[in-house]
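Thanks for coming. I will take one structure and go through a few places in it, starting with a single residue. Please have a look at it first.

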Amino acid sequence: GFQSFGQSNVDTLHPRHRQKLDAVVVGSADGIDMALVFDMRMGNSASSLEDASRAYLTVWWNSYKDEYKAKVESAKKLGPVVDEEFPDLIDRYVAKGTPIIRAFLRDYITHRDSLNREMATLQSTIAISIDHQHKVVKKVKGKAATQSFSIMGDGGLVLGHYAVPSSEMKWVHTAMMEVVERHGAVLHDGTHMPLTRGNLPPVIYVDKDCCNGHVGGRNDVNKWLYGMLKKLDPFHMMNRIGGNVNSEHPRKGGLMRNLSKSIYTDSQEDTAALADAREKGGITNLSPQQIKDDRIKRVRKVIVDPNKIAAKMLLTTKKEMALDRQAKLQHQANGESCIDLPKGHDAYPVVTGKVLNALTNQCTHVLNGCVHDEVGMNISVNRTNYRGTGVLLAENKSMRGTNKNEYLHSYQDRVFYSMKNIRQGYYNARAHWSISNWNRRRLETMGRPSLSPDGGLLLPTSRRID
């Protein structure tokens with residue numbers, strides 16, 4: 001007879017004759033224990049597992065060697081003994097990086113379809129956000145793909161993650177249509193306008209191409225993207241302005257904070273409820289950081305009235321320009337020259353021509369309706385006792401923007417940080433498992449059932465986000 005662990009051979013047996021082998025065997029290599037495969041699923045590198053395997057084997061070998069020597073010394077007291085040398089550590093018993101990777105890839109091929117089905121069950125209710133990243137994919141061998149494209153929904157769930165040749169939207173059409181159909185929507189072929197909405201979220205956030213960049217460049221046709229209203233991520237909008245402000249200028253922070261206040265408006269209802277809770281609880285001595293934390297957690301922020309937002313942004317800019325002129329005059333009054341000033345100098349203008357041009361461009365997006373909320377973008381995550389006062393206040397979370405995509409990019413960067421010249425198959429397996437683990441953690445946080453890396457069901461431990 002013969003022994004085989006090949007899946008095609010095992011499948012020919014009757015189920016009662018199949019015995020589960022808690023290892024993965026690839027070719028003629030030694031089997032790799034499933035515990036190591038689970039570690040690979042969780043994002044550990046093969047080299048770190050090889051080092052850990054060698055370290056544990058060395059500790060085990062040393063313990064037996066010491067035990068052997070102790071028994072020999074004990075036996076010598078009773079009479080002559082044959083004192084043989086303790087065998088050397090056999091390095092073959094160490095789980096090497098290459099066989100671990102092969103086992104991981106074989107395991108991934110087995111589970112790839114189920115991972116795809118798992119992701120295909122995820123939907124979003126309030127908003128979807130899309131973004132590209134090139135930092136990780138450029139480490140992969142070959143030039144078939146240069147960008148990763150992520151589609152994300154409420155709570156930071158990844159609805160889809162793909163490697164694409166470029167950031168052009170033509171490459172992501174298939175991915176977006178799958179997500180649209182997943183939500184039960186039907187679109188007009190030429191305009192992306194929804195014919196049947198199904199469960200499709202009303203809003204999709206982008207970091208570019210929200211309009212044509214000119215005043216009035218957003219209309220009833222081009223405002224739609226795959227059945228959802230296109231909105232520009234406010235974070236990216238602020239970055240386009242802040243990226244042109246000299247980082248060393250002492251007034252940059254104040255300028256950016258005031259511009260942010262021009263965009264966001266605190267909910268009067270939440271502000272009043274927070275003040276009432278403090279009054280009932282006799283809370284009067286909060287630190288500035290505690291006040292800020294309360295505002296972030298308890299007070300919803302909304303973006304309303306594009307005309308008012310643009311007017312406030314321009315007024316803030318005019319004030320800063322007046323401060324620029326005042327600082328220059330003060331510098332000259334002190335008898336100092338204003339020629340060739342360093343960019344971080346107090347008398348150097350914080351609002352330069354480049355800053356003013358960037359701000360004007362972003363105001364165009366605001367006036368075109370690319371930024372303001374057209375539907376409620378905040379959800380109440382939970383109601384908790386406010387600082388022991390006995391008053392239950394809602395903890396709010398914003399579904400706005402593409403910042404969750406940026407968090408995913410940072411996570412993926414950490415997963416692949418120490419790697420280069422990655423083979424395509426290994427990248428696919430490692431990226432796919434990292435995305436699945438990301439989603440499972442978020443589902444657990446949201447109080448929804450998820451799977452553990454070994455396929456077991458994780459029961460919800462917190463309240464579901466509705």
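Where is Arg400 found? Arg400 sits in the loop that runs between strand E14 (392-398) and helix H12 (403-415).

Is Arg400 buried or exposed? Its relative accessible area is 8%, and the cut-off for buried is under 20%, so Arg400 is buried. What does the side chain of Arg400 reach? It comes to the backbone oxygen of Lys301 at 2.9 Å. There is also a polar contact, at 2.7 Å, between the side chain of Arg400 and the side chain of Asp373. Setting aside neighbours within four places in sequence, the contacts of Arg400 include Tyr205, Pro234 and Tyr264. Val302, Ile303, Met377 and Asn378 are also among them.

Next, helix H5, which covers residues 173-182. Which residues of H5 are buried? They are Ala175, Met176, Val179, Val180 and Arg182. Looking down the axis of H5, these buried residues fall within an arc of 160 degrees, so they line one face of the helix. Thr174 and Glu181 are exposed, and they are on the face turned away from the buried side of H5. After H5 comes Gly184, which has a positive phi, near 75 degrees.

Arg182 comes up again in a pairing. In general, side chains of opposite charge can pair when their charged atoms come close. Glu178 forms a salt bridge with Arg182, and their closest N and O atoms are 2.6 Å apart. Both residues belong to helix H5, 4 residues apart, which is about one turn of the helix. Glu178 counts as partly exposed, at 31% relative accessibility, whereas Arg182 is buried at 13%.

How many salt bridges does a search of the whole structure find? The search finds 22. Another of them joins Arg54 and Glu50, with the closest N and O atoms 3.5 Å apart. This pair lies in helix H3 (residues 46-76), and because Arg54 and Glu50 are 4 residues apart there, about one helical turn separates them. Arg54 is partly exposed, at 27% relative accessibility, while Glu50 is buried, at 19%. Salt bridges that share partners join Glu50, Arg54, Asp91 and Lys96 into one network.

One more pair is Asp83 and Lys76, whose closest N and O atoms are 3.5 Å apart in their salt bridge. Asp83 counts as partly exposed at 44% relative accessibility, and Lys76 counts as partly exposed at 39%.

Last, the confidence of the prediction. The protein chain averages a pLDDT of 88, and 91% of the residues score at least 70. Which elements have the lowest and highest mean pLDDT? Strand E16 (residues 457-458) has the lowest, at 50, and strand E8 (residues 203-206) has the highest, at 96. Over residues 459-466, pLDDT stays under 50. For that stretch the model has 21 contacts beyond four places in sequence.

Note on methods
Residues are numbered from 1 along each chain as its sequence is written. This is a predicted model: local features need pLDDT of at least 70, side-chain atom pairs count only at pLDDT 80 or more; totals for chains, interfaces and linings use all residues. Side-chain values use heavy atoms; hydrogens and water are left out. Buried means under 20% relative accessible area, exposed over 50%, partly exposed in between (1.4 Å probe, protein chains only). Helices (H or I, at least four residues) and strands (E, at least two) are DSSP runs, numbered from the N terminus. The arc is that of the directions from the helix axis to the C-beta atoms. pLDDT is the predictor's confidence in each residue, from 0 to 100. Contact means heavy atoms within 4.5 Å. A salt bridge is a side-chain nitrogen of Lys or Arg within 4 Å of a carboxyl oxygen of Asp or Glu. A polar contact is a pair of N or O atoms within 3.5 Å; within protein, one must be able to donate a hydrogen and the other to accept it, and residues adjacent in sequence count only if both atoms are side-chain atoms.
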